[in-house]
Protein chains: 2
Amino acid sequence: MSQVRIHNFSISLDGFATGEGQAADAPFGHAGERLHEWMFATRFWHEMVGGPGGSAGADNAFAERYGPGIGAEIMGAGKFGPPGWQDDPGYQGAWGPNPPFHTPVFVLTHRPRPSMRMEGGTTFHFLDATPGEALEQARKAADGQDVRIGGGPTVVRDFVTAGLVDCMHVVQVPIVLGRGVRLWDGLESLEESYDIEAVSTPSGVTHLTFTAKNR
Amino acid sequence: MSQVRIHNFSISLDGFATGEGQAADAPFGHAGERLHEWMFATRFWHEMVGGPGGSAGADNAFAERYGPGIGAEIMGAGKFGPPGWQDDPGYQGAWGPNPPFHTPVFVLTHRPRPSMRMEGGTTFHFLDATPGEALEQARKAADGQDVRIGGGPTVVRDFVTAGLVDCMHVVQVPIVLGRGVRLWDGLESLEESYDIEAVSTPSGVTHLTFTAKNR
């Protein structure tokens, strides 16, 4: 059975995966890009944006698990675009003509629209569906490979709560955001369903991995 | 100048330092003792309760910083006893005749009572005071040594927000409590005032140390 995976999902010490005040020029609100600086420093990221260099240590080892074996992604409407994108029929997502997914991507929205084929192998499909229904479609599209849940935090919580996630990689960044959308809400006793490991790295972040028990 | 320190302050992944439903037989509410199992395994703890054994690794190294150099503690009413202890004039705290503090301890309460001298060097004083006022009294009693802020989370937050804490040691335990009292509320941008280090240990916890900048 293909796995359902979450990678490089970054949160603050107080558990916020995005700040307050999300907008087109501030996709993570007042958090800015502070939750992702650890990743921008890695070779994984440098290669993704086409440049040389980048660290090749522990942060990079975790970051590089993002792509291999993934056949489809599921994301929430809030990741696809800023509030109100549904009112723009020509909107094509926050990543330009060649998005970094290179697989089918299923966008959960209450206002579906026709699929959009982009450059580089990404096709956006739009679904008004439960997590289980969306996963069924994504699994078919993934053709035996794994499905990545791309976020944001509400979508991650929904899939975890539904018991659909096999492994989750969370990166805790040493900042206190104070406001935004929390990852942990509603996940009481998560440790009963997952084996949890923590490892801090020299960049100052702590990688938390959750591996579903009994699978 | 003597330092103001916080040690072995344990929280869940979602930032709760105590659970919901605190009572005489459940000082941490539904959290039980799960936030402190890492500490019970250390030599520090074994020695405190008078037994042999215990781990002598990284968790123990952090735990042992609790006592040395401390001349007084400040704690909140919620740590001193269960809800309603103020109505019992004979109540002597949650630790029996020989409490583990061995210094003057200042209990913050809106209903002060006469001081109580216990066995082993602990004297409880009761203050209705602001953090700054309480610290001034504790510093005098500490006679040049450091002052420990003993918790609970509300008191820790109040002292950190008032800019009075020099170093804080937080231990993040891999459980999700879901409800209770959070450490992080109201501490947005804490990283601007503190250098933060994180280190995970083989027991599965992550030690976070906060060292005040520019002191």
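Buried area is the accessible area (1.4 Å probe) that two parts lose on being put together, summed over both. I note that this is a predicted model, in which local features need pLDDT of at least 70 and side-chain atom pairs count only at pLDDT 80 or more, while totals for chains, interfaces and linings use all residues. Side-chain values use heavy atoms, with hydrogens and water left out.

**Entry 1: the interface**

I looked up the area buried between chain B and chain A and found about 2000 Å², of which carbon and sulfur atoms give 52%. On the chain B side, B:Leu13, B:Val176 and B:Glu188 lose the most area to chain A, together 29% of what that side buries. For contact (heavy atoms within 4.5 Å), I read 27 residues of chain B against 27 residues of chain A.

Next I took the salt bridges, each a side-chain nitrogen of Lys or Arg within 4 Å of a carboxyl oxygen of Asp or Glu. The two chains share six salt bridges. I checked B:Arg182 with A:Asp185, whose side chains meet in a salt bridge at 3.6 Å, N to O.

Which strands of chain B each supply at least two residues of the side that touches chain A? I found strand 10 (194–200) and strand 11 (206–212); strands here are DSSP runs (E, at least two residues), and helices are DSSP runs (H or I, at least four), numbered from the N terminus. Strand 10 of chain B gives the largest share of that side, four residues.

**Entry 2: the sheet of chain B**

I traced an open sheet of nine strands in chain B, in the order 5-6-4-3-7-1-8-11-10, with mixed pairing. Two strands pair if DSSP finds at least two bridges between them. Strand 5 (116–117) and strand 10 of chain B stand at the edges with a single partner strand each, so one side of each is left without a neighbour in the sheet.

I then followed strand 3 (residues 70–76) and strand 4 (residues 104–108) of chain B, which pair in the parallel sense over four bridges. B:Met75 stands opposite B:Val107 in strand 4 of chain B.

Leaving aside neighbours within four places in sequence, A:Phe80 has contacts including A:Trp85, A:Trp95 and A:Phe126.

B:Gly163 follows helix 6 of chain B and has a positive phi, near 75°.

Note on methods:
Residues numbered from 1 in each chain as written. Chains lettered and ligands numbered in written order.
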